[in-house]
Every structure is written in C-alpha cells, then in structure tokens.
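Keep the viewer open as you read.

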Amino acid sequence: MKSVARNRACWTAFSMIALLLTMPQRLSAQDVIAGTVVVSGSQRALPNAQITVGGQPGHAAVTDASGRFRLTGVTGTQVVLHARILGFRPDSQSVRVGATDVRITLSERALELNEMVVTGTAGGEQKRAIGTSVANVDAVDVMSKMAVPSVEGLINGRTPGVAILPGTGQVGAGSQVRVRGVGTFSLSSNPLIYVDGVRVDNQTGTGITVQAFSSGVISRLNDFDPEEIENIEVLKGPAASTLYGTEAARGVINIITKKGAAGATKYAFTVKQGSNWFMDAENRIPTNYWINPADKQLYSVNVVKTEAARGTPLFRDGGIHNYAANVSGGTPLFRFFASGEWNDNQGVDYANERIQQGARTNLSVTPSDKFSLESSVGYVKSRTNLSCEAGCGGSLWGSLYSNPANLAQFCTASSAKGCGWGRGFNSAPPEAYRSTQYWQDLNRFTGSITLRYNPFTWLSNRVAVGTDYTLEGDVQFEPYLTNDTLAFFAGTNFDGYRYEQHHQAFYNTYDYAGSANFNLTSTTTSKTSFGAQYYTNYNTFLSAEGDHFPAPGLQTISSAGLKQPANSNNTQNNTLGFFAQEEVGWHDQLFLTGAARVDNNSAFGSQVKWVTYPKASLSWVASEAPMVQRHMPSFLNSLRLRGAYGGSGQQPGYNTALRTLSPVAGPGGQAVLTPSTFGNPDLKPERVLGTELGFESAMFSDRFGIDFTYYHDVSHDAILSRNVAPSSGFGASTQFFNAGQIMKQGVEVGLKAQLLNRRSYGWDMNFNVGTTSAKIQRLNGKDTTIDLGSTSHRIGYAPQSWFSYHVLSATVDPTTHKATSITCDNGAGGSMPCFNAAGIIQAPKVYLGRTIPAAEGSWTNTIRVFNNIRIYGMIDYATGFKRLDNNLRIRCQVFLTCLEVVQPANTDPIQLAQYQNSTFRDFVIRDAHYAKLREISLSYDVPDRFASRINAHGLVLTASGRNLHTWTPYTGLDPESQFVSGSSSFTDQAEYPQMASFVFTVRVNY
C-alpha cells in the first residue's frame, strides 16, 4: 500500500507539471513592461525584488526565481521604474512603455537598516531603530542552495548565539534549541515559537518513550515545512523580548510564512529524491570481546560485519521522497499563496519512517490604505514510526553491547533454549525488537487572522487572533507472535499488548497592539506603542492499555484479555499581559526607546500578582550623522551603535504552585483523597534582567560587514525542583522553589564578506561565532552545592556542570590484575586515597567541565562559476563542553566486553581502576568539541533557452549532502548524541548518530 500511495503521489505531481507546461504564454502589448533584475557584478538573477511604477499606484510586480518581472496596464509612453529588495541598494530607471527587455542592476548591501522586524508592536519596527540584536534567517535563500530537512536545520549555523543540540539521528526526531545558553535550574530552556503572530506548541520530546528515562524524541517545531517559510527572526535575550513577557527570557523564534504578491500568478514545483545512511557503521560500532572459559581463547564480534556477511544488513539506506507545489500572486486588492507537500523520509533503522502531508493557504485583502485583513492557515498530518534506542533497547543497543558469548558457535547440547538465536547481539536480535511497534499519528492545525486598521496617518492598530491545535496519538503495539523465535524473546508478552495515549494541545493567542506616530519637530519623531495579549494553553491526556490478545490478528485494546485502568487528566495555563512603549527618533538616526510590560500568569503562586518587566534601548546610525561622516575613514560605508537594558521572564511549570490531592480507592471501595503535590504558594517566575551592547558596520563598498554583540543576563529567583520531606505527608512528591541567581554572558560575532564578484565567477563567505559562560551566583539557604549525580549545581560554576571523582593514580596486582592503591583529586590541587579503610569513597567530586558548548558557530562559503553554477558548503562547530559516553561505561563497567577489561595486563592502571569500580565516571566524561561538514551542495541554473522549452521561467537542479564528515576527539558514536528530553540529558547512550544524507532536487518555476 505504501508503494501504491507513493506512486500515486508521483503521478499526481508530474501530471500537474505536465498540465502547466502546456499553459499558453501571454503576448506582449503596448501597455506592458517586462524585464529582469540582476545583481551588480555577478549579473545573477535576483528573485523577490519589488518593482513599482512611479506615479501609477497599484502597478507593481515581484521578480520570479529567474529575476523576471512583468507589468501590465501601464499608461503613458515613458515611466520610471523603482526596484528595491532588502539587502540591496534601491534603484530607479526610466523606461519606455512597451519595452520587454528592461534590465535593472542592484548592488548588494552588507548592512540593511531599513528591514522591518517583528517586535510585538503594531507594524513591526525598522531595524535601525532597535537597540538589540535581531537575527534573520532568509529561508528562501537557504532552500535555494540546500535541501534542508527541517526548521531546526534552517536555523542551525545561520545565526550566532542559537545552538541546535540534536539528540538522535532518527527520522522525525527533534533537537534541543538553546538561545544564549542556559540560565535556569529546572525549567525548560526552549524558546517561544510564533508562526505568523500566533504562539505555537514548542515541545521537543513528545511521543512514546523510545529512549527510556522518560525521553520522547519528536519535535513539534519540525512539523512545519521549510518550503513554506519566507524567513525566521530570532529575538535573543530579555532586552530584545521584553514585549513578549513571561516565558520570553529563553528567546523568541518568529516564523514568517510565504505570502502572495501583486502581479502575475506564479507556480513552483519541487521534487526531492535521496537517501539517509549510517556512514562507516562497521568501524563506528565497536568490536566487543570475550574470553571463553572453556578454552581460554579470546573471541570478538562486530555484528555490523557479521550481519552483512549473513545477508541481513543491520542498517538500511533510507529513502527520501518529497514533492511540493505552490501557487501565488494577486492584485493590489487581493493576494494569495497556497502550497502543499507530501513527504516520505525513512531512517536507517528498518522501523523508522515519517510520512507527512501538509497544506497552507495565506490570503490578504487590502481594500484601502487604511484597512487590511490577512489570514494564515496551515494543516499537517503525519505518522512517525520510531525504533527503540538508548535504554529502551533496539538494534543499536544490541549492536553496541554485543557479546561473542551469544554466538551460535558456542552453544552445546546442554545450553538453554534459544542459545545462539541472538547471533552475538545483546538481549535480542534486531527482528525481535522490530516486532514491537512505536508510532505517533499527528493532526495539527495552525491558523490566524490579522486585522490592521490605520484610521489616520498617525495611528495604526493590529489585532491578531489565532490558534494552534495539535492532536497526537501515541501508540506502542506488540502483536500476538506466532513465530517461535520472536515469541521466545518476547517472554510473557508473546501474546501482545497495546498502549495508547491521546494528547490534545490548544494554544490560543489574542493580541492587540497600537502605535501612534507624531512629528514633534521637523527633526524629531515620536512613536507611542501600547498593547495587550492574552495567551491560553490547554492540554488533555487520555491513556489506556490492553494486554494479552487471545488470538493472532487482534489489535485493539477492547480485544485484549486484560484491560488496564484508563487514565485522563488535563492542564491549563493562562497569561495576561499589557505593555507600553515610547520611542523618540531624531533625524531618523538616533532612537531612544523606553518600555514596560506587566504580566500575570496562572502558574504564579497565590502570593504573586503582577510582574513588571522594564526595557530601555538606544540605537544610533552614526554613519548618517554629518559630524561623524567628516571623520569616518573612506573604507567605512555604514556604522550603527546600539545598547539595551531589559527584562523578561520564565514562568513556573503548570500547577507547581498548587497543593493538590489525588483520588484513591479507600475502605469498601469508596473514593478517598491522598496527598499528591506539595505546591508552593510563594512561587515567583524567574525574572531575567539583561544588558546588551553592540554595533553593525559595512565597509569596502559594502563588500564586508560585521555584527557584534556583548550580552550580560542575570536570572533572579531561578526555579529548582527539590524533594519534599516525608514528615510533610507529601514525601513522594517534589516542590519547585525559587532557589537562587544565575548570571550568563557572552559575545556574538557575525562576519559577512563578498570576496569576489565578477560576471563569470564570485565568492561569498560568512562566519558566525557565539560564546556563552554561565555562573551560579547564589543558592538560597546554606547549600553551596546541589548534587545531581554526575552533574551538580554549584556556586561559581555553570548550572549542571560535570562533577565527579577524578582518579590520579593506581597500581595493579600482577597476579589478580586488580587495581589497588587508587588515589583521587582532593579538590585542592593535591591527591588523597579515593576510598577509606571501609572501602567507602571519601574523595570529593571535582569539576570536570560544562555540559553544553561554551562556543558555537559556523563557516559558510558560496562559490559561483559561469554565472549559473553554485557550490555551497557549511562547516559548523561547537567547543568547550564534554559529553558522558555511557556506551563506553556500559561496555567496560557493566557488560565487561571492552578489550581493556578482557585483557587487563595491557591496560593503563588508571583506566583499569575506573573500569573495575562502578563509582567512577570521569573516564567517560569526554571532550566532545567538534566541527562538522554539515552541508554541501552543487546547484545548476538551467539556461533560459532550455527552460523555455518547457515554458518554465526557471529550472534549478541541486545535489546536496548533509553530515558527511566530523572532526572530533570524542571517541563515542557522535559528539551530538544525547537524550532529547527526560532526566538523562547530556548522556550519549545508544542513540543513533546524525545520519549522512544525499538529496537531488529539481525546482521548476512558471
């Protein structure tokens, strides 16, 4: 059925293309003007440039993917065309009405100050007036170069200070997103996500627990199709996100989808075909060892190699199949954009696959210059099939912890039933794990309506109402097994079971913002903004389970022999906020802004009412000031200085301020109540205050640009979870409380360079780097350390830093091969015995490093050859952190299959001491800095003379690869591997590494 559906989708897409190829072309007339917009120097076509006719309102067009435009209904004999696009200097040109060979040339800018940015105020704000750093990701440009599979892939490496931390290479899995590091103890650090003005679900670890330790892996951010996105704006830090209030301290990501533009109707079709694969699996999956007690011989096994030789390869090359189409256009009165996609992406595990269909319609009506109405509607339907990994088991678990003792060659007549069936795998062979199915069915609707009303030239109003509705169906299903071998490994579950959880999430947004603009004097302007927002978040959960099917073929819970009690619950959270802002501008060069926001949230304690967040900022376009221009060096084209101070917040978790009771069965079957959560009526939100200083500059004829930012944030009343004393009667629960204060600071630098720009060749280069350092400044009470196991919260260090016992020396008994006389770091620069006379650890835990990167960034290059061939590549990197390689610990401390343990005579005494004592972890807390060849592509713009043969205005062919090489000292599978969510973050334990991929893309535009 899957192949039939795929073939049907292919034929549908190609039938649409064939139909459009036969569409007749319009003939030129005397009222027509047509031409091309190109970039100065390189002469490459420039899409999405806006063309208007001077003195003739309503006559406008937007260039297509080949830089072409066409205007109709133009009056007169000679007119002036105005061309403009962000990132380029505008240009005007006098042309003859009826000309169809117009060529307009625009010069690139390294610094664009007139760009409009979404800031929470009505109508947005020009970048020149904002005193904070706002990053912009041009999604259209990125997608034209590279087959980026997800929204997280769009963001990764494009802006300093934003780190994408993947957890697993499974298809459909997400990443943790961190904006300027971590400034909290126990709350989420994921930024707020908005789509066309509506707050949406930003969970990163949804779905069935397939990693164990309560870790799901599916990200809601990646539900959105990158092909539908115009650009992404990232607000970083409390000073930038003040107007978004509570929760915005961890950053705000604004996703802006594509809109229609006045002009001829445009059609675009995209087809992607490719493959995912586990690069060099036979060498990355370790060889494990065992000494047979019968013959004292050393044996080894690498199941990737043995399975390949057997004809049952452990991993597959997963197919990538994507088909997308969109149509856009309109008139000055009505504009439209509509798109659809069908995607089938397979992982390297045979059970892992995501099939997704989506559609989007964006409409805009502008009946007058005073009134406009916009709608944005998106729908996604998908099924994500997952495989077990990490502590859940699965093929990767069984291969990493394989054991030669489980090979069939060591079975004897007296061996237990099933001996050898494991073929060297730990616990069970892959087909036994694959008999259990895990999937998530998704239906998601995201819609908004935005009304803009400007009754006077000085007053603008915006009202936005929208909802994001997600219905998740999470299923774990084991059928009744009739295969004796599979039934053997399933044990008591051989007759199957089914567990289902249905989760509904409603995010509703009600947003009003207004702005009043006045000219105080001929050189001074005032913009007074005000607004109110009401956000609601409502979640419902319903779960049920049925065990032991009475016969094969049954699949429903109702057909199971044993039904477990069903459970349901719901959570709700509401936020109400108001803001006011005053901005004063002088000569359109100097801007001073002051603002305040007040919020109330239902998760605040009963003793907390309104919380206030202030803001003040200054922006000065110094290069436009005459006094500066006189002294500015000739190579400097533009310079803007900025600074800001502001606050934002982080709300507590749902119901954490409430003391609750739970119903249980009492005497005689009567329902009674028992203590559940302790709550904290004094719980306040985390209140983050930050300072930001920076500048942007363009130089050498706008060929070089630099964007620099320094930030310093302090999180007051940081929230931490602690156990409740048994004497309270709530001893089985935890309580959230305001535990202390965290400071974080760092530097962000973005460099942009146009190294070469000739008609036949060119070379553009970008470099980003963002640093972050954090320090706990205060812990409430007498504690200076909160021990979390291998990590700790300790005053003077970053939250959740690595702390463990550090072995300095040991000796080995030559007879027993046991490590003795083990000494550890005493925490003061010296050494001491690790254990006391009773064999109890006495050495202190010492600092071993950070859990998240201290610095991250990227280096991208785009090389153009012969004007229609582009070579693009990105290397991104992260440094200053360590990862816990739990694979090494499990192999060497638990299953004892690493060569150093099997042959201790050849092992370093310090290593052996750690392998032989499960207390030690420092040998697996490894330096994990890396650089990755994240993206590389080759694009070919088919010449117009060939594209025109199929009536196309543009035809682009692209071959692209991802994750093709990693440079790192880390000895585990991947320095990026970790649990996506749950309680074991920063730990690499049998998670799939980031998979290599190759995709061939065909883009056709009409």
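## The largest cavity

About 850 Å³ of space lies in the largest cavity. A cavity here is a set of points, on a 1 Å grid over the protein atoms alone, where a 1.4 Å probe fits but cannot get out, and lining residues have an atom within 4 Å of a point. Grid points are joined across faces, edges and corners, and the volume is the space filled by probe spheres set on the points. This is a predicted model, in which local features need pLDDT of at least 70 and side-chain atom pairs count only at pLDDT 80 or more, while totals for chains, interfaces and linings use all residues. Residues are numbered from 1 along each chain as its sequence is written, and side-chain values use heavy atoms, with hydrogens and water left out.

To find this space, look for Val148, Pro149, Ser150, Asn345 and Arg962, which lie nearest its centre among 42 lining residues. The lining consists of 14 nonpolar, 20 polar and eight charged residues (Ala, Val, Leu, Ile, Met, Phe, Trp, Tyr, Cys and Pro count as nonpolar, Asp, Glu, Lys and Arg as charged, and the others, Gly among them, as polar). Strand S21 gives the largest share, three residues; helices (H or I, at least four residues) and strands (E, at least two) are DSSP runs numbered from the N terminus.

## The second largest cavity

Six of the lining residues are nonpolar, seven polar and four charged. Strand S35 (704–723) is one of the strands that supply at least two residues, and S35 has the largest share, with three.

In soluble globular proteins, nonpolar side chains tend to be buried together. Buried means under 20% relative accessible area, exposed over 50%, and partly exposed in between (1.4 Å probe, protein chains only).

## Aromatic pairs

There are 34 aromatic pairs. One is Phe835 with Phe920, edge-to-face at 5.7 Å centre to centre and 65 degrees between the planes. Phe835 and Phe920 each lie in a loop, so their pair ties together parts that are 85 residues apart in sequence. Rings of Phe, Tyr and Trp (its six-membered ring) pair if their centres lie within 6.5 Å; planes under 30 degrees apart count as stacked, over 60 as edge-to-face and the rest as tilted. Phe920 is buried, at 0% relative accessible area.

How values were computed
1 Å grid on protein atoms, 1.4 Å probe; cavity = no way out; pocket = protein on both sides within 12 Å on 5 of 7 lines; lining within 4 Å.
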